[in-house]
Every structure is written in C-alpha cells, then in structure tokens.
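Morning, everyone. I will take a few minutes on how one chain is packed, and then stop.

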Amino acid sequence: MAERVDTDHCAGDGGSSRRARRRPGPAAGVATATGHVALVGSPNAGKTTLFNALSGLRAKTANYPGVTVSRREADVDLGGHVVTLVDLPGTYSLEPISPDEQIVVDALHGRVPGIDAPDALVVVADATTLERSLLLLAEVLQLGLPTCLVVTMIDEVVARGGSIDVDRLGVALGLPVVGVVGHRGVGVETVRQLLTDPGSWDRPALTPPGSGLARSAWVDSVLRSAITPLQPDRRTRRADAVLLHPVWGTLVFVVVMLAFFQSTFVFAAPAMDAIGTFFDWLGQSVVDALPGVFGQLIGEGIIAGVGSVLVFLPQILLLFLIVALLEKVGYMARAAFLADRVMGRFGLEGRSFVSMLSSFACAIPGIMSTRTIPSDRRRMATMMAAPLMTCSARLPVYTLLIAAFVPDEPVVGPLRAQGLVLFGLYVLGAVSGLVYAALFSARRGAGAAVPFTMELPPYRLPTVRAVLRTMWDAAWAFLRKAGTIILAASIVLWMLLHLPVVEPPPGLSEAEATSYQMENSIAGRIGTGLEPVFAPLGFNWQINVALLGSLAAREVFVSTLALTTASDSEDALPERLQTLERPDGTPLFDAPTVAALLVFFVYALQCLSTVAVLRRETNSWRWPLFAMGSMFVLAYTAALVAHTITAAVT
C-alpha cells in the first residue's frame with residue numbers, strides 16, 4: 001500500500017515539533033487523500049459549528065509554528081476521499097490588523113512554514129449579514145483557488161421575513177452555494193458531497209473588482225439578484241434601545257450580575273451539601289476499612305483533599321450555565337459594545353472586555369483571546385490585567401470563607417449578605433484589573449488607534465444542546481484539574497504533612513497528637529517559617545501552607561485547609577474553620593484575617609499555568625515575572641490594609 005507522510009506543527013517557544021501522520025494511498029476500497037480545504041469566515045458566522053458538524057470528534061488542536069495562534073484541523077472521510085479540513089481564525093478582511101487575521105492571510109498564501117497551503121476554500125457567511133461576508137468573499141476570490149460559499153443562519157432570515165434564493169445566488173457568483181443550519185445538520189451532507197471533488201467546482205467567469213467602490217457595487221448587484229431583504233427586527237431594536245443605553249444598559253448589567261451571584265449560593269447550596277456529605281462518608285469509610293497509613297492516605301489525603309474541591313462543582317456548573325445562556329442569547333456582545341467607552345478610559349477597548357470577560361472563567365483562555373486585539377500596547381495591557389479577573393478557581397476559596405463567616409441574612413429585598421460579598425469581590429477584581437491595565441498602558445506610551453469592530457448578532461434562543469455542551473466543557477475542565485493537579489497536590493501535601501514522623505509529647509489526645517505531627521512536619525515547618533512574613537495579615541502556619549499549595553492551583557487552598565485541619569474536628573470544613581483557635585485561645589479566622597485572606601486572593605497571581613501562558617504569549621520571562629512580583633506586592637499591601645481597617649471597626 002502506498003503511503004504519504006504529512007507533518008503537523010505544534011508551536012513551542014519560537015519553534016515547532018513534528019508529528020508524523022500516515023495516510024493510506026490509492027487502493028481499492030480505501031479512502032484517498034484529496035487535499036486541504038480551509039474554512040474562511042468572519043467571527044460568529046457559524047464557521048466552527050460547520051467544522052464541528054463535518055469533523056465530528058476527530059478534530060486536532062495545535063498552534064501555528066512560531067506563534068501562539070491556535071488552529072484546528074480534522075481528517076474527514078467522505079466515503080472514499082479524505083479531506084484535511086482546517087478551521088482558520090475568524091477574520092473580517094484579508095487586510096490584517098491583528099495576529100489572528102495575519103495568520104489567516106499567511107495560511108491562505110502558503111507562507112506558514114511547514115503548513116500546506118489550502119487546495120480549496122469554503123467561505124462561511126452569516127445570512128443575516130451577507131453583505132459584509134460577500135466583501136470578504138470578493139477578497140478571497142482574488143486568490144484564484146476553488147471556492148464555494150456556505151450560507152448559515154438561513155432559518156433566521158426566513159423568521160425575519162426575508163429569503164435567499166441559493167440557486168440564483170450561486171449563478172450570480174459563479175460558485176457552488178449551499179444553505180445550512182449547522183446546529184441542526186441541515187445542508188451539511190450537501191457540503192460533504194461538494195468536498196469530495198473541489199476541482200469540479202464552478203468558478204466565476206470574472207474575478208470581483210479589487211477596489212472599494214467597485215467591489216461594493218458588485219456586492220449590491222449580487223444581493224439584488226438573489227436576496228429578499230430582511231424585515232427590520234423590531235424586537236432587537238427595542239431590546240437594544242435599553243441594553244445599549246449608557247445608563248439603562250449599565251443598570252441592566254449590574255442587575256444581571258447581582259442575580260447571578262445570588263443564585264450561586266441559593267440554588268447550588270443543596271447540591272453542595274449533598275456532595276460534601278458523600279465525600280465525608282466515603283473518606284471515613286475508607287479509613288475504617290483500611291486501617292494504617294495507606295487507608296489514611298486514601299481517605300484523609302486523596303478523598304478528603306479532592307472531595308473538598310469537588311463540593312464546588314454545582315457552583316461551577318451554574319456559573320457556566322448562566323454565562324453560556326448570556327453569550328448565546330446575544331447579550332455578551334452588547335455588554336462588550338457598552339463597555340468600549342469605559343474601557344477606552346483605561347487604555348483598552350471593547351475587544352479587551354471580551355478577553356477580560358473570558359478570564360472570569362479562567363485567565364488562560366482570556367490571555368490567549370487577546371490575539372484578536374490589533375494594538376500591541378492594548379493587547380499587552382489586557383494580558384497583564386487578565387489574572388486580576390475573578391476566575392472560577394477563586395470561587396471555591398471565596399465560597400468557603402463566605403459560607404463560613406458571612407451570615408446568610410437579607411440586606412435589601414431579595415439581596416442577601418453572602419451574594420453581595422461575592423459580587424463585591426468580583427467588582428473589586430474587575431476594577432483593579434482596569435486600573436492595573438491603565439497604569440501598565442500609560443507606562444508603555446500611547447499607541448495608534450485602531451477602529452473597534454464588534455458583531456452584534458440578533459438575539460437568539462440557544463439550543464439546549466449548545467448550552468449544555470458549553471457547560472459540560474467547563475465542568476470537564478474543572479473535573480480534569482481535580483483529577484490531576486489537585487489530586488497530585490493532595491497526595492504530595494499529605495506526605496509533607498506526615499513526614500518526618502515525630503513522637504508527640506505524652507498526654508495528648510489522638511487529635512492533638514495528629515495536629516502536633518502536622519505542625520512539626522516538613523510542610524508545617526515551612527509554614528511556621530513563613531509566619532513572620534504573614535503574621536501582620538493574621539495568617540498562621542496552616543494558612544501559609546495552604547497559600548503555598550495554591551500556587552499549583554488556587555483550589556488547592558481549600559483541599560490543603562481540609563488536610564491541615566482534619567484533626568481538629570469531624571465537622572464539615574466550614575464548621576471546622578469556625579472552631580480553630582490560636583495558641584492564646586482567640587479564633588484563628590477572625591474578621592480581620594478573613595478579610596485579609598479574601599483580598600489577598602483577589603490580587604495574588606497564584607497560578608503557575610497562567611504564568612506559563614504569559615511567558616508563551618509575550619515570548620519573554622520579563623512580563624510574567626513582573627506580573628507575579630507586582631501582584632504579590634499588591635496582594636500583600638491590600639490584604640494588610642483590609643486587615644487593619646477591619647480590626648479597627650470590629
């Protein structure tokens with residue numbers, strides 16, 4: 001059998017690695033490779049939905065060589081033919097103004113080292129904004145490659161009283177044109193049939209004009225020949241009149257956020273209690289069934305450590321459920337547009353808002369999404385500020401401390417104290433991030449202004465499948481972290497808390513002997529050694545050890561506290577924290593210490609993965625180290641201020 005060996009290139013720090021991929025050559029009954037086909041389209045045109053429908057679960061994600069812009073590709077078996085389908089980043093034009101758009105142009109021209117140039121192109125266009133997509137199509141046709149047009153959102157055009165004659169549109173363009181509804185699979189099979197033989201696609205008799213005015217006239221003539229204009233969407237206009245209003249829109253945003261934070265406690269609490277009870281029972285059952293060190297490692301180390309973090313899974317699910325709904329309904333784009341004016345005052349722009357909003361899930365995708373920001377100065381400022389956004393990894397820490405020490409009582413109407421404190425922490429992180437970005441941006445000097453383009457999609461009722469998929473992706477990432485980083489950290493910390501074995505003084509109870517062992521262990525000695533540094537904040541050796549553990553992942557702070565306080569009580573972790581005392585008999589977690597801890601976690605960059613991504617995106621250790629150092633100083637100073645003020649007023 002003849003074989004062809006292709007190579008994939010995965011970006012490293014300025015280099016690439018190769019992975020051989022064998023493909024069958026021509027043989028009876030065996031699929032044969034027919035080349036590379038690239039999907040081109042503007043953001044939110046449905047390009048990725050089409051890619052997923054065509055590729056199923058066979059997509060591979062890597063980076064383009066030498067840059068951090070990601071690419072997705074898949075080998076699609078079309079019943080005798082294999083096509084390598086490449087999902088290029090979204091772009092509005094082939095005149096690039098951002099790293100994402102530059103890589104699209106380079107890929108289309110075959111200028112990316114080690115990456116094959118496409119043999120054919122599929123331009124994906126949103127039917128509701130077809131005019132803009134045809135302008136991009138005109139640029140793509142200048143390349144002279146076999147091209148077809150896939151028009152998405154056909155159902156929305158019909159719902160708004162318009163129509164698209166796909167056949168007449170194909171005749172007007174001189175190209176194959178397919179109408180699809182990607183998330184329902186409509187038209188996808190027709191696209192698959194087209195991909196079997198791109199060489200047979202029709203080509204326009206004349207290439208569209210290259211100049212601006214002539215190109216616009218060409219687009220108008222194509223639209224007149226095949227399109228019945230959409231009726232104005234009155235519902236969208238009425239909604240936008242409120243949501244995009246500088247005053248009312250801001251109030252709506254605040255109300256939405258308040259409702260969100262209230263719901264994280266109200267609706268998630270029963271499930272969290274049930275999960276916590278289950279892991280407490282499971283851990284104790286293992287200790288009882290497996291006496292000795294091994295049983296303690298499994299029950300008190302692994303199950304208790306990981307279980308103390310998995311308790312917060314219901315809140316994570318609820319968080320991403322609400323975010324997915326807001327995004328897919330079309331509200332998030334409005335929030336970004338509304339924020340553009342505010343962001344500009346801090347040296348940022350609306351695209352920065354999108355990146356920073358992504359950082360509320362995790363700073364890593366937020367930092368990576370800054371590739372769409374054209375200005376280098378604003379891109380750097382956004383990357384540096386992203387870690388200050390309150391990511392989901394902080395949520396377990398906040399929830400633990402708030403649930404344990406903030407009374408669940410009403411404040412104003414349905415607003416309760418716990419939800420308001422959580423909302424305040426998110427606001428503090430967001431405002432601080434903007435100020436940090438402004439100072440960083442001012443230090444680097446002014447940059448050239450670049451127009452801000454933001455798609456305002458029509459309001460859509462998202463499919464249940466799309467929302468659940470987004471929620472599951474986030475939950476799976478959380479579970480994967482719990483099963484890897486947090487699991488490993490729990491095992492290591494349990495060992496460090498039990499080595500070396502020390503002989504307790506006579507007369508101590510079992511719980512007191514265990515506490516003595518932990519305090520005199522390797523981890524305990526490290527935590528004790530740090531007490532002079534953190535004593536002004538009210539932190540003792542247990543809190544210090546938990547802070548060190550949180551460098552692996554912020555959630556490890558919770559699991560470490562679960563380990564270091566396991567001997568103090570058999571109660572759930574929040575109740576255990578309430579009973580901890582200092583050597584002088586005063587509560588360990590008094591109001592000043594809790595305030596200092598919460599504020600410290602708002603500012604500290606306790607995520608080595610984020611540091612690694614900053615290193616890769618900036619191609620330098622200078623800025624990640626600057627971020628770690630400056631944010632530690634900021635965290636310590638702010639925590640000291642919070643401790644001092646709280647001590648003065650309580």
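Before that, some housekeeping. This is a predicted model, where local features need pLDDT of at least 70, side-chain atom pairs count only at pLDDT 80 or more, and totals for chains, interfaces and linings use all residues. Residues are numbered from 1 along each chain as its sequence is written, and side-chain values use heavy atoms, with hydrogens and water left out.

The chain has 29 helices and 13 strands; these are DSSP runs numbered from the N terminus, helices being H or I with at least four residues and strands being E with at least two. Of the 650 residues in the chain, 50% are buried, meaning under 20% relative accessible area with a 1.4 Å probe, protein chains only. Take the contacts between residues at least 6 apart in sequence: 69% of them join residues at least 24 apart. Contact here means heavy atoms within 4.5 Å.

Now the cores. A nonpolar core is a set of buried Ala, Val, Leu, Ile, Met, Phe, Trp, Tyr and Cys residues joined through side-chain atoms within 4.5 Å. The largest one has 113 residues, and Leu547, Phe557, Phe589 and Leu597 touch the most other members. Helix H27, residues 591–603, gives the most to this core, with ten residues. Setting aside neighbours within four places in sequence, Leu547 is in contact with Phe534, Phe539, Phe557, Leu597, Phe600, Phe601 and Gln606. There is also a second, separate core of 37 residues, which includes Ile103, Val151, Leu223 and Ile227.

On to helix H25, residues 556–564. How many of its residues are buried? Nine of nine, Phe557 and Leu561 among them.

H25 packs against helix H11, residues 293–310, at about 135 degrees, with the axes 8 Å apart. Axes are lines fitted to C-alpha atoms, for helices over the stretch in contact, and angles run from 0 to 180 degrees between N-to-C directions. That makes H11 oblique to H25, because angles under 35 degrees count as roughly parallel, over 145 as roughly antiparallel, 65 to 115 as roughly perpendicular and the rest as oblique. On the H11 side the residues include Gly301, Ala304 and Gly305, and on the H25 side Val558 and Ala562.

The other pair is H5, residues 166–173, and H7, residues 212–226, at about 150 degrees and with axes 8 Å apart. H5 is therefore roughly antiparallel to H7. Arg168, Leu169, Ala172 and Leu173 in H5 meet Trp218, Val222, Ser225 and Ala226 in H7.

That is all from me.
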